Amino acid sequence: MRYALIGCGRIAKNHVKAVKENGLEFAAVCDTVPEQMEQILADAGLSDDRSIARYTDYRKMVEEVRPELVGIATESGVHAEIALFCIDHGVNCIIEKPIAMSMEDADEIVRRSLETGVKVSACHQNRFNRAVQETRKALEAGRFGKLSHGSVHVRWNRNQGYYDQAPWRGKWASDGGALMNQCIHGIDLLRWMFGDEVDEVYGVTRRQFHPYLEAEDVGMAVVKFRNGAVATIEGTTNVYPRNLEETLYIFGENGTVKLGGTSTNNIDVWNFADETSADEGRKGLQEATSNVYGNGHASLYADVIEAIEQDRKPYVDALAGRNALEMVLAVYKSQKEGRPVRLPLKDFRSTDMMGEFDVSDM
């Protein structure tokens, strides 16, 4: 299967690793900065492979190379533009989070992917973590019983050096803040585990320690799910001096689970009323990871390849990406308006937050 990578920033190495592990034909790479292309290829031991075409224009690349699958790993602000072009040209897509920066664009990606049959996957790779998969199986088996409440905490650190690496970070048009960039994976897991259907979100965001950013470095929210469960979100890049944790709690009538580690890659608590001998192997499960991105990219790629070959929807489809984006934008809108926001959310985009923290940081 012919593959091309669009965007060669910080996360691109995980995509290249997944490409190699899944045996894809790496046909082309694209970035507006040629040096970044060469660095990514060099890091993967592919700098001398001239069969991998280099492009600085993704449109030209798609039209000339005609890949069957692309990975979109550019700055967030152009994800939707690139994805819609690829969909219109019949190219299947794996889109890094967030899939778009506006509800209009996200809904259009979902609509066109369904209309054309092009497979689109949102790159929420943590769904493939072993700890997450074990929890999902327990949930689908009904082991929790009625869900009571839950929470997600993404307590990370990003210093000025991180933001200086790429000028698009922390800007409303191209990135958003801590919730949109760092915390959206945990937010995706929370919504997915609690049934996807959300009635209302009430959120508060602040820019506390990063005055050089446009967007927030901490966000808190309360979520009301349609099934009656409630949950809280805490996301920040203000933890001193380094990343602390990404944790997900699920409390049910007959079960309690806490996923921990730096990226929900461990099982810290696993208690069920119908405990079996197999549960002993789940308690204390730890999946070693070399970074906060985890190990899920290869599994996500494998699933998308199979989805294309079997003509089924990907495990993490465009709608999943749309739903995660909606949660973040609902928190933003709630901050802007100072009131709870009802879902579904229409006609809201990250740039509607322009100037939110410019008058007076609270």
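The following legends describe close-up views of a predicted model.

**View 1. An open sheet is built from eight strands.** The strands follow the order β13-β12-β11-β7-β10-β9-β8-β14, and their pairing is mixed. Strands β13 (266-272) and β14 (341-342) stand at the edges, where each has a single partner strand, so one side of each is left without a neighbour in the sheet. Strands of a sheet pair through backbone hydrogen bonds, and the pairing may be parallel or antiparallel.

View 2. The side chain of R191 forms a polar contact of 2.8 Å with the side chain of E326. When neighbours within four places in sequence are left aside, R191 is in contact with D196, V198, F225, N323, E326, M327 and L343.

**View 3. Y202, V204 and V222 make a nonpolar surface patch.** The area of this patch is about 230 Å². One of its residues, V222, lies in strand β9, which spans residues 218-225. V222 has a relative accessibility of 42% and therefore counts as partly exposed, since that class lies between the buried limit of 20% and the exposed limit of 50%.

Methods
Residues are numbered from 1 along each chain as its sequence is written. This is a predicted model: local features need pLDDT of at least 70, side-chain atom pairs count only at pLDDT 80 or more; totals for chains, interfaces and linings use all residues. Side-chain values use heavy atoms; hydrogens and water are left out. Patches are made of residues with over 30% relative accessible area and no salt bridge: like charges are joined within 9 Å, nonpolar side chains (Val, Leu, Ile, Met, Phe, Trp, Tyr) within 5 Å. Accessible areas come from the Shrake-Rupley method with a 1.4 Å probe; for residues, only the protein chains shown count as cover. A salt bridge is a side-chain nitrogen of Lys or Arg within 4 Å of a carboxyl oxygen of Asp or Glu. Helices (H or I, at least four residues) and strands (E, at least two) are DSSP runs, numbered from the N terminus. Buried means under 20% relative accessible area, exposed over 50%, partly exposed in between (1.4 Å probe, protein chains only). A polar contact is a pair of N or O atoms within 3.5 Å; within protein, one must be able to donate a hydrogen and the other to accept it, and residues adjacent in sequence count only if both atoms are side-chain atoms. Contact means heavy atoms within 4.5 Å. Two strands pair if DSSP finds at least two bridges between them.
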